[in-house]
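The following questions and answers examine selected local features of one protein structure.

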Amino acid sequence: MAGTVGPSVLAVEEVRRFPNGGVRAGPVLYWDILGLYRETLAGIREAGRLDGVGIDSWAVDYGLLDERGALLGNPVHYRDSRTDGITVPVPDRELYDVTGLQQLPFNTLYQLVAEGDRLDAAATMLLIPDLLNYWLTGEIGAERTNASTTQLYDVRARTWALSLASRVGIPPRLLPPLRDPGTVVGQARELSGVPVVAVGSHDTASAVVAVPASPGTNFAYISSGTWSLAGLELPAPELSDAALAANFTNEGGVDGTIRFLRNVMGLWVLSETLRTWSTSDLSGLLTAAAASPALAAVVDIDAPGFLPPGDMPARLAAACGATGQRPPGTRAEVVRCILDSLALAYRRTLRQAASLTGRTIDVVHIVGGGARNELLCQLTADACGVPVLAGPGEAAALGNVLVQARALGEEDLPDLAAMRALVRETQEVRRYEPSGAGDWDAAEARLGS
């Protein structure tokens, strides 16, 4: 994405698109990191003259470098099964008190433990955007928003949790120096020396920068894409026993904020369903789903069975049967089941976030690709009982270029409030009011929660 930032100007345009997915080789699911780097270079070159480059990506996955700086192997995909059954000799309460992170089997902590003695040959671990930045500039480091997702980062001290790493058998030498978002990493050696900026390199951190919230608003956000990240922006982590029990995470945000949120399975289930059906007619399916009966069948969309790739319609049918519901019979009903279930998960998550922090939620901002899904946005307003403001769709890219612009001298963007004011001024946002449709309490009760 190529972005332009200036007084009353904020725009991004797609320059190059390419597929990205897991590559199974033997028993392991990998990322094609060399292909991603090749396409990254091609996209930057196609963008033309640039003042800066910033990279954001998904979290938790990494590459290991040896002492010469050479990659030791393709990064393993977080959906790989290698962390199944992996445990660490640290109580959950202690882990949470240090890292503030939701317990997820694919967190970097568990992935590194699963490496075993393969870590002996490694000198450094670099998360995906840090790895790409290293290849661009030759500079090694870790940007804090993504580092905070590893379960190896002290969320209060804002440093690596080195003693924790040692206790679980992860050599502290693997954890590189930390950088704040907005730091100029170096110059891209293969790209005429264009500055490379460490942005909010976890894509959700960049997306939250571009949430067009008005000052003083009690807002929640949902960064809706393959995953949905639903929660609140806080000035400090919430590390209570109740937050631990509810499995909420405290991830670092831009300008020292905390993203208090929980991962919700997201539109992954829908995209895998379309893949299973070998169809790309999402628009037609959404139109048909909107006409299907509301809340006819719902599932716990966060159940572990929906995490790996596979036949989602069959899994949905099995989950409905297990709770005594009639499985969806048509494709439209399957899609409606997914979206109703996703809206129900948003409702449950945001209500818990508000309860845990003693806050009220007056409006929900949906950003990312899910903001373009009109049915999902309306269902979310209905489920949550408050207005939904949907957009911008390219929030991560917008947040990325805003942080770059400030780092490179744009004086009109001193803080998040100024960045969000520019988003409100320049981006289309659609409002959805609760319609009162649907008995969401009864739907929740069907899941036994």
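Two strands are taken to pair if DSSP finds at least two bridges between them. The model discussed here is predicted.

Q: In β13, which residue is the bridge partner of glycine 54?
A: Strand β5 pairs with strand β13 (residues 195–198) in the parallel sense over 2 bridges. With at least two bridges required, the two strands count as paired. Within β13, the bridge partner of glycine 54 is valine 197.

Q: Which residues does asparagine 133 contact, leaving aside its neighbours within four places in sequence?
A: Asparagine 133 belongs to helix α4 (residues 128–137). Its relative accessible area is 2%, so asparagine 133 falls under the 20% limit and is buried. Its contacts beyond the sequence neighbours are Ile55, Gly138, Val185 and Val196.

Q: Is serine 192 buried or exposed?
A: Serine 192 is located in the loop between β12 and β13. This residue has a positive phi of about 60° although it is not a glycine. Its relative accessible area is 82%, and the threshold is over 50%, so serine 192 is classed as exposed.

Q: What is the relative accessible area of serine 8?
A: Serine 8 occupies the loop between β1 and β2. Although not a glycine, serine 8 has a positive phi of about 60°. Most residues other than glycine have a negative phi. Serine 8 is partly exposed, and its relative accessible area is 48%.

Q: Which residue of β15 is the bridge partner of serine 223?
A: β14 and β15 run antiparallel and are joined by 4 bridges. A hairpin connects the two strands through 3 residues. In β15, the partner of serine 223 is leucine 229.

Q: In β17, which residue is the bridge partner of glycine 231?
A: β15 also pairs with strand β17 (residues 258–264). This pairing is antiparallel and extends over 7 bridges. The partner of glycine 231 in β17 is leucine 261.

Q: Which residue caps the N-terminal end of α15?
A: Helix α15 spans residues 416–426, and its buried residues are Leu416, Ala418, Met419, Arg420, Leu422 and Val423. The cover over these buried residues includes β1 (2–6), β2 (9–13), α7 (203–209), β14 (219–224), β15 (228–234) and α14 (395–407). At the N-terminal end of α15, a side-chain oxygen lies 3.3 Å from the backbone nitrogen of alanine 417, and the capping residue is aspartate 415.

Q: Which element gives the most to the lining of the largest cavity?
A: The structure holds 1 cavity of 30 Å³ or more, and the space in the largest cavity is about 40 Å³. Its lining comprises Ala205, Val208, Val209, Glu233, Gly253, Val254, Thr257, Arg259, Leu416 and Arg420. Two or more residues of this lining come from each of α7 and α15. With 3 residues, the element that gives the most is α7.

Q: How many residues of the lining of the largest cavity are charged?
A: The lining includes Glu233, Arg259 and Arg420. Its residues divide into 5 nonpolar and 2 polar, while the charged ones number 3.

Q: Which residues does leucine 282 touch, not counting those up to four places away in sequence?
A: Leucine 282 lies in helix α10 (residues 282–290). At 30% relative accessibility, leucine 282 is partly exposed. The residues touched are Leu270 and Leu274.

Q: What is the relative accessible area of threonine 287?
A: Threonine 287 is likewise in helix α10. Its C-alpha atom is separated by 18 Å from that of alanine 437, 150 residues apart along the chain. Threonine 287 is exposed, and its relative accessible area is 56%.

Q: What is omega for the peptide bond that joins glycine 391 and proline 392?
A: Proline 392 is placed in the loop between β19 (388–390) and α14. Most peptide bonds are trans. The bond between glycine 391 and proline 392 is cis, with omega of about 5°.

Notes
Residues are numbered from 1 along each chain as its sequence is written. This is a predicted model: local features need pLDDT of at least 70, side-chain atom pairs count only at pLDDT 80 or more; totals for chains, interfaces and linings use all residues. Side-chain values use heavy atoms; hydrogens and water are left out. Buried means under 20% relative accessible area, exposed over 50%, partly exposed in between (1.4 Å probe, protein chains only). Contact means heavy atoms within 4.5 Å. A polar contact is a pair of N or O atoms within 3.5 Å; within protein, one must be able to donate a hydrogen and the other to accept it, and residues adjacent in sequence count only if both atoms are side-chain atoms. On a 1 Å grid over the protein atoms alone, a cavity is a set of points where a 1.4 Å probe fits but cannot get out, and a pocket is an open set with protein on both sides within 12 Å along at least five of seven lines; lining residues have an atom within 4 Å of a point. Grid points are joined across faces, edges and corners, and a volume is the space filled by probe spheres set on the points. Ala, Val, Leu, Ile, Met, Phe, Trp, Tyr, Cys and Pro count as nonpolar, Asp, Glu, Lys and Arg as charged, and the others, Gly among them, as polar.
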